[in-house]
Each structure stands twice: as structure tokens, then as C-alpha cells.
2 protein chains.
Amino acid sequence: MIALHDIKSPKPEDFPSELEGLRMTKQRREILSVILSKRDHPTANDVFLRAQKRMPTISLATVYNCLEALVSHGIVRQVNFERESSRYCPNLNDHCHFQDESTGQIHDVTFKKGVNLADFLELPQGTEISHLEISLKGRIGSS
Amino acid sequence: MIALHDIKSPKPEDFPSELEGLRMTKQRREILSVILSKRDHPTANDVFLRAQKRMPTISLATVYNCLEALVSHGIVRQVNFERESSRYCPNLNDHCHFQDESTGQIHDVTFKKGVNLADFLELPQGTEISHLEISLKGRIGSS
DNA sequence: AGGGGAAATTGGAATTATTCTAATTTGGAG
DNA sequence: CTCCAAATTAGAATAATTCCAATTTCCCCT
């Protein structure tokens with residue numbers, strides 16, 4: 001089974017008119033397409049600039065609205081590094097993020113198979129995690 | 001050996017005039033004291049309001065300056081939850097943060113003994129991590 | 001097909017956290 | 001005691017994001 005976020009570079013037309021209960025408007029489609037086409041964790045403003053190329057009348061407010069709609073429906077993920085502006089990621093698999101300080105590029109980092117939060121954190125028992133974000137910064141050694 | 005951040009509620013006078021190479025001015029002392037006295041992960045503005053009680057002329061800009069100085073000298077940690085304003089934490093032991101969504105309170109969460117990043121993340125080999133932040137949100141079950 | 005209405009989009013203003021600036025103050029070194 | 005770099009201050013500036021009020025879109029009902 002192939003999920004939407006596994007499709008490499010879908011055109012806006014490839015999306016159904018509704019996704020995860022979210023009405024897929026022209027703008028939402030375009031924004032989703034932007035995010036799926038170049039998976040470099042763009043900021044809202046990056047998305048705005050890219051979306052404008054094919055849809056010159058789109059507004060930044062709409063980009064924010066659409067991103068928020070996509071995020072809250074679990075179609076894309078919001079990614080934060082400290083106080084930097086949020087970035088958006090279409091990879092819905094369990095993963096976290098590493099920012100290479102020499103290039104600024106952000107890489108997805110997966111968890112080792114079978115690991116589980118409770119295996120490495122002293123969580124108060126009964127804790128229900130609704131949201132988890134792991135952000136790493138560093139460099140990739142030349143060795 | 002007892003470290004500064006293990007002292008429960010030090011008065012500003014308890015600090016040496018220099019700490020980790022950072023000149024301890026009146027204001028920095030006061031701010032450090034605020035952060036150590038009530039370890040509830042206050043925001044810069046919270047710190048400002050508390051510091052004002054004993055030092056009515058302190059400015060918010062100074063609070064930001066001092067916090068940045070304390071953070072960059074490794075005396076306190078900056079803590080972020082998504083796009084919320086930064087919070088400050090005097091616990092220098094290796095730990096991460098859990099925000100209880102029913103109370104808003106933030107709790108320190110330690111790592112299980114002996115666990116190591118590389119044990120649970122598929123890091124590209126040669127990766128040097130300079131900064132790691134793990135932020136959890138959720139609820140503590142009643143059971 | 002047509003019309004009503006809720007939801008989405010838009011541009012611009014507003015907000016919020018944080019940083020910057022330039023002027024003043026402070027405090028240690030000589 | 002004086003000098004000077006560093007720290008503090010108030011207020012302005014910035015940046016990201018949200019809000020607002022006025023359209024516009026487009027689904028549903030007949």
C-alpha cells in the first residue's frame with residue numbers, strides 16, 4: 001500500500017477532493033504539492049514563494065491557514081528547531097530531525113527498529129504522550 | 001560535590017563574582033537566583049516580573065541579555081515547546097521536558113541509566129551532536 | 001441549473017516574542 | 001582615582017505568526 005506522502009512529486013491534480021476529512025481546495029492542493037515535491041523542510045515563507053510561482057494570487061495568510069489545516073489533519077508535520085521559524089515535513093513515518101550546522105540542511109532521522117519511548121525515558125507512570133518532538137543539531141564528521 | 005544548580009534557593013549574594021567565566025553582575029545574580037528559586041521553567045517575561053520585585057529598575061532587555069549570557073555559558077538551559085516562548089531551566093543534568101497539557105506544568109524527564117542517543121536513533125555515522133532537545137506533551141493518566 | 005450559506009481565501013492590520021540601538025552606567029585594572 | 005570595556009537601560013525595530021473583516025468559493029438543497 002502506497003501512501004500519499006510516499007509519492008515523489010505529485011501534481012496538485014493528483015489529490016482527491018477530500019483528504020483525512022479535509023476539504024482539498026485549490027490552495028491546499030497546491031501547498032501540499034509544494035511540500036511533497038521538494039522535501040527540504042521549507043518554512044511557511046518558502047512554501048509561499050514556491051506556491052506563488054504557479055498560483056500568483058495566493059496570499060501568505062492562506063499559506064499559514066493551509067499549513068495549519070494540513071498539520072491539524074495529520075497530513076504534514078510541523079518541525080521546530082529552537083526559536084527558528086517552523087518548517088514543514090511530509091514524512092509521516094515516526095522520525096525526528098537533525099540539522100546539519102554546516103549546511104543548514106535538515107535530515108530526517110528514524111528510530112531504531114522496535115525502540116519505544118518508555119525504553120529510554122524515565123516517564124512518570126501513566127503518562128500519555130500526545131506529541132513528541134526531537135530536534136538535533138550538529139555536524140557530520142568527515143571521517 | 002554539590003553544584004550550583006543543586007542548591008535549592010540561593011540568595012543572589014551566594015554567587016561568586018564570576019561563574020564559568022561569566023562576570024556575575026547584580027542583575028545576572030538576581031536572574032540566576034530567580035531561576036534557581038522556583039524551578040517551574042519560567043519564560044523571560046516571568047523572570048522579568050519576579051526579578052522586578054527585588055530589583056524594580058531592571059529592564060526586560062536586561063533579562064533577555066542576562067538569560068542569553070547564562071545560557072551561552074552553560075549555567076542555565078533554554079527550553080522550547082513548539083512555537084511557545086522560551087523557558088529557562090537550571091537543571092544541568094541530562095534530561096528533557098514533558099508538558100502536562102492539563103496543568104501546563106513542565107516536568108523534567110531523565111534518561112534511563114546508560115542510554116545513549118545512538119542506541120535508539122539511526123544517525124548517519126560520524127554525526128556529532130552539538131545540541132539535542134526532546135519535548136513531550138501529554139497527560140498523566142489517572143490510573 | 002439556481003440560490004443560500006458555511007467555509008475558505010485575501011490583504012492588511014495587529015500581536016507577540018525577541019533583538020537591536022544608542023545613550024548611560026558600572027566596576028574592575030592599572 | 002581614572003579609564004575603558006562591558007553591562008544595563010528604554011525604547012524602537014524586526015520577524016513570525018495570527019487576527020480581522022470583506023470577499024469569494026463551492027457544496028448542498030430544491
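A polar contact is a pair of N or O atoms within 3.5 Å; within protein, one atom must be able to donate a hydrogen and the other to accept it, and residues adjacent in sequence count only if both atoms are side-chain atoms. The side chain of A:H95 meets that rule with the backbone oxygen of A:N93, at 2.6 Å.

This is a predicted model: local features need pLDDT of at least 70, side-chain atom pairs count only at pLDDT 80 or more, and totals for chains, interfaces and linings use all residues. Residues are numbered from 1 along each chain as its sequence is written, chains are lettered from A and ligands numbered from 1 in the order in which they are written, and side-chain values use heavy atoms, with hydrogens and water left out.

**Chain A**

Chain A holds 4 helices and 7 strands. Helices (H or I, at least four residues) and strands (E, at least two) are DSSP runs, numbered from the N terminus. Their order along the sequence is β-β-α-α-α-β-β-β-β-α-β. The C-alpha trace spans about 50 × 40 × 30 Å along its principal axes. Of the 143 residues in chain A, 42% are buried. Buried means under 20% relative accessible area, exposed over 50%, and partly exposed in between (1.4 Å probe, protein chains only). Contact means heavy atoms within 4.5 Å. Among contacts in chain A with a separation of 6 or more, 49% link residues 24 or more positions apart.

**A:H95 and its strand**

A:H95 lies in strand β5 of chain A. A:H95 is buried, with a relative accessible area of 2%. Its side chain also makes a polar contact with the side chain of A:H97, at 3.0 Å. Leaving out residues up to four places away in sequence, A:H95 touches A:R77, A:C89, A:D108, A:V109, A:T110 and A:F111. β5(A) and β7(A) run parallel and are joined by 4 bridges. Two strands pair if DSSP finds at least two bridges between them. The bridge partner of A:H97 in β7(A) is A:S135.

**The interface**

Here 39 residues of chain A are in contact with 39 residues of chain B. About 3400 Å² is buried between the chains, and carbon and sulfur atoms give 55% of that area. Buried area is the accessible area (1.4 Å probe) that two parts lose on being put together, summed over both. The rule finds 23 residue pairs in polar contact across the interface, both residues at pLDDT 80 or more. On the side of chain A that touches chain B, β5 (95–100), β6 (106–110), α4 (117–120) and β7 (127–140) each give two or more residues. β7(A) supplies the largest share, 14 residues.

β7(A) and β7 of chain B (residues 127–140) pair in the antiparallel sense over 13 bridges. The table gives bridge partners from this pairing.

| Residue in chain A | Partner in β7(B) |
|---|---|
| A:L132 | B:L136 |

**B:K137**

Is B:K137 buried or exposed? B:K137 counts as buried, at 11% relative accessibility. This residue sits in strand β7 of chain B. The side chain of B:K137 makes a polar contact with the side chain of B:E82, at 3.4 Å. Not counting residues up to four places away in sequence, B:K137 touches residues of chain A, namely A:E128, A:I129, A:S130 and A:H131, as well as others including B:F81, B:E84 and B:F98.
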